[in-house]
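My entries follow in the order in which I looked.

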Amino acid sequence: MVRKMKYIRFNQQMRWFGPLDPVSLSDIAQAGCHGAVTALHELPIGAVWSREAIQERKSLIHTFGLKWTVVESLPVHEDIKMRCGEFQQYIANYLESLRNLANSGIEVVTYNFMPVFDWVRTDIAYLLPNQSEALLYDQEKYELADLFLLERPGARAEKEKVQLERLQEQFDLIPEEEKQALFSCVFQALPGSSTALRKDQVLAAIAQYEHIDAEGLRDNLVAFLEAIVPVAEEMGIQLAIHPDDPPFPVFGLPRIMSTEADVRQIMSRVPSPVNGLCFCTGSFGAHPQNDLVKMLRKWGSRIHFFHLRNTKRDGPNRFWEASLLEGDVDMYKIVKGAIELMHQEQRSIPMRPDHGHKMLDDLGKDVYPGYGAIGRLKSLAELRGLEFAISRTR
Ligand code: DNO
């Protein structure tokens with residue numbers, strides 16, 4: 001008989017981008033986390049993660065009294081997403097990495113299936129009334145970047161003539177340095193994304209998807225999962241797909257993990273319990289039709305990792321990253337739902353605060369956008385307080 005534990009807590013994590021991250025493992029340990037979520041960021045996408053390299057990183061993390069049980073991300077090569085080129089070799093590599101990770105004690109592997117771009121924002125220093133800075137996605141800025149900076153063929157065809165004229169006028173008013181900043185924000189700034197691509201490289205990467213629609217991409221994801229799930233099952237690895245961020249198509253590329261309906265399809269087409277979700281409240285929460293509390297209730301047993309952050313929508317396809325307790329997501333209900341889930345299933349689920357505001361001493365520092373220490377520490381403290389209070393009163 002399973003003895004029920006009184007309090008099952010989140011397995012508290014913070015993301016660490018490796019030895020080059022200005023936020024150190026010592027900072028993460030001082031924040032009181034149980035572990036650091038990380039990846040071998042220095043390796044090219046698609047390469048095998050060797051047992052030795054994994055062990056070395058793990059030993060480093062252990063030196064600070066932290067554990068490494070969650071990988072974010074083991075990135076999926078574009079050939080696998082398109083099911084072309086060297087995709088079989090890349091799947092074989094992925095399987096080898098999964099085995100090596102499992103043999104080194106990794107329990108959860110996070111990945112995404114977004115073509116070309118991982119996450120997209122149009123401003124990484126959106127000034128809040130209290131002088132801290134947040135990340136912003138503004139559809140209009142995105143359209144300007146798409147039409148006039150990237151000059152994606154096809155972007156113009158998606159617009160009416162009058163709309164184009166209005167956008168052109170807007171674009172002409174932007175000073176040159178701001179145009180540059182917009183380009184690098186949209187295409188080159190965000191951590192965890194593949195690499196800083198040049199305009200021609202971005203265009204070439206997008207063009208490769210010309211003949212792949214959402215259904216095609218979904219089939220490719222299912223085929224990928226069918227190849228890796230048996231190994232994940234055998235090795236005791238939980239797979240956690242990250243939702244699309246933002247949760248709608250960008251640059252004419254298909255997106256297949258934006259809504260509850262998307263989740264349902266992938267979870268039911270590959271029903272193994274190891275085929276699970278990274279429940280990112282920021283990404284799912286930016287879509288007005290997603291009822292996050294309901295999704296958590298419905299798909300709880302398939303949630304292997306929580307990313308907790310809040311967004312505030314203030315226009316169609318426009319949102320900024322709000323304080324943890326203040327955006328559109330009811331964080332009280334989410335944490336309550338997560339606690340219920342952990343008790344019901346008698347398991348502690350890894351959770352990390354996601355992007356934080358840039359604030360206090362971090363304002364002058366060069367930190368990865370969204371990943372300064374102080375803003376995330378604030379969110380973590382709020383989450384811990386919420387969790388503690390809910391657990392004590394249930
Ligand atoms: C952004 C992150 C993403 C995430 C990947 C997972 O802050 O949430 O980069 O790590 O999509 O594969």
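On the side of domain 1 that touches domain 2, strand 11 (residues 318–322) gives the most, with 4 residues. I took helices (H or I, at least four residues) and strands (E, at least two) as DSSP runs, numbered from the N terminus. By class, that side of domain 1 has 18 nonpolar, 5 polar and 6 charged residues. Ala, Val, Leu, Ile, Met, Phe, Trp, Tyr, Cys and Pro count as nonpolar, Asp, Glu, Lys and Arg as charged, and the others, Gly among them, as polar.

Note on the source. The model is predicted: local features need pLDDT of at least 70, side-chain atom pairs count only at pLDDT 80 or more, and totals for chains, interfaces and linings use all residues. Residues are numbered from 1 along each chain as its sequence is written, and side-chain values use heavy atoms, with hydrogens and water left out.

Domain 1 covers 11–121 + 214–392 and domain 2 covers 123–203; the bounds come from an automatic or database domain assignment. I read 25 Å between their centres, taken over C-alpha atoms. In contact (heavy atoms within 4.5 Å) are 29 residues of domain 1 and 27 residues of domain 2. The two domains bury about 2500 Å² between them, 67% of it from carbon and sulfur atoms. Buried area is the accessible area (1.4 Å probe) that two parts lose on being put together, summed over both. In domain 1, R121, F251 and R318 lose the most area to domain 2, together 29% of what that side buries.

I used a side-chain nitrogen of Lys or Arg within 4 Å of a carboxyl oxygen of Asp or Glu. The structure holds 32 of them, and 1 crosses the interface of domain 1 and domain 2. R318 pairs with D138, the closest N and O atoms being 2.7 Å apart. R352 and E72 form another salt bridge at 2.8 Å, N to O. That pair links distant parts of the chain, 280 residues apart: R352 is in strand 12 (residues 350–353) and E72 in strand 3 (residues 70–72).

For S73 the corresponding distance is 2.6 Å, and a polar side-chain atom of Y371 lies 2.6 Å from a ligand oxygen.

Most residues other than glycine have a negative phi, and most peptide bonds are trans. The bond from E72 to S73 is cis, with omega near -10 degrees, and S73 sits in the loop between strand 3 and helix 3 (78–82). D245 and P246 are also joined by a cis peptide bond, omega about 0 degrees. R83, not a glycine, has a positive phi of about 50 degrees.

Technical notes:
Polar contact = N/O pair within 3.5 Å; in protein donor to acceptor, adjacent residues only side chain to side chain.
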